[in-house]
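Student: I am new to this structure. Please show me how to read it, one feature at a time.

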Amino acid sequence: MTAPPADAEALIQRRGRAGVIVLNRPKALNALTLTMVRLIAGALEEWEGDGAVDRIVLLGAGERAFCAGGDIRRLYDLGRAGDHDSQLTFWREEYQLDRRIKTYPKPIVALVDGIVMGGGVGLAMHAAHTVAGERFVFAMPEVGIGFFPDVGAAWILPRLPFHVGLYFALAGLRASAGDALALGLAETFVPSAAFPALAQALESAESVDAALARFAAPPPRSTLIGEAEAIKGCFSSPDRAVILKALRRAETQGSVFAAPARAAMMEKSPTSQAIALKQMALGATIDFDEALRTDYRIVSRICRGHDFYEGIRAVIVDKDNRPSWAPPPSQAEVDAYFAPLGDAELKFPAGGA
């Protein structure tokens, strides 16, 4: 594989024992494009058979973001032009890359010191090791743009404690580095100032586990963990209306998280929240591959719907933050997003590639 140029959207380099991948769109918060997906997938393919590379390091350029998600404006424009095939090519290859990262035979270390949302979660949270710096900010805010928590979030979020995954999926609110470590979204905290030294250590012959242990530090305090039992009480139901009532009750009882969570849910797409509710319930019972297949079934329908385009119009295009959402869907309408696709199902190349 020929290394991409220095201004490429993803920089691919071999440094010592490490294959290093740098997401290189800092002005766009390293938002993920199809070009980046293909560069990363190609590098992983090459390095799997390279005996001189025994670990992969994945990081984002700049200080603001690891990866803030997919390039949704590009996806919006494709959909508005009726080019759903190109949209689905991106999502299909993105989900295949997420699985590649999850099943990769060599350890992948994601160094996350900044925003990690949406598609960035698919890259970072499926890696063997997720390292958070103090600037780490996690969210799955998709319901705010008429989308849904994809990239395998249906496998990640239901497995978090205290039903906090449903809180993230329905409210789209953020978690800090302290929250991430307390809830299991990241495994190691390393101060931001030590990230360059850690990256250098990962290029050496020192084992990945030893390098991470050497640089690990006590994480910042988690604010969410103090609200964990209240979150669990509010988000234990699969019914949106019941959750909203529970949040109202928790608010009157003094829970700090309840009012922002309820306000956030009231602003989001009812269709997206209904999809996410079913997705999270289903995700707790299926394996990772099936979670990604389910994502692809949903996205194949949502890209032809209303709320995805209305949400992006309101947030990204016109920026009036006044989306006009479709009415809440019936259960049959929700179920239709999850129906099998037949010959169009998401497929994974043989050998995990």
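Student: Where do we start?
Tutor: Helices (H or I, at least four residues) and strands (E, at least two) are DSSP runs, numbered from the N terminus. This is a predicted model, where local features need pLDDT of at least 70, side-chain atom pairs count only at pLDDT 80 or more, and totals for chains, interfaces and linings use all residues. Residues are numbered from 1 along each chain as its sequence is written, and side-chain values use heavy atoms, without hydrogens and water.

Student: At what angle do α8 and α9 pack?
Tutor: Helix α8 (residues 195-202) packs on helix α9 (residues 208-215) at about 160°, with axes 9 Å apart. Therefore α8 is roughly antiparallel to α9 (angles over 145 degrees count so). Axes are lines fitted to C-alpha atoms over the stretch in contact, and angles run from 0 to 180 degrees between N-to-C directions.

Student: How do I read a sheet?
Tutor: Strands of a sheet pair through backbone hydrogen bonds, either parallel or antiparallel. Here an open sheet of four strands runs β4-β6-β8-β9, with mixed pairing (two strands pair if DSSP finds at least two bridges between them). β4 (65-67) and β9 (175-176) each have a single partner strand, so one side of each lacks a neighbour in the sheet.

Student: In which sense do β4 and β6 pair?
Tutor: β4 pairs with β6 (residues 115-117) in the parallel sense, over two bridges. Ala 65 has Ile 115 in β6 as its bridge partner.

Note on methods: Angles under 35 degrees count as roughly parallel, over 145 as roughly antiparallel, 65 to 115 as roughly perpendicular and the rest as oblique.
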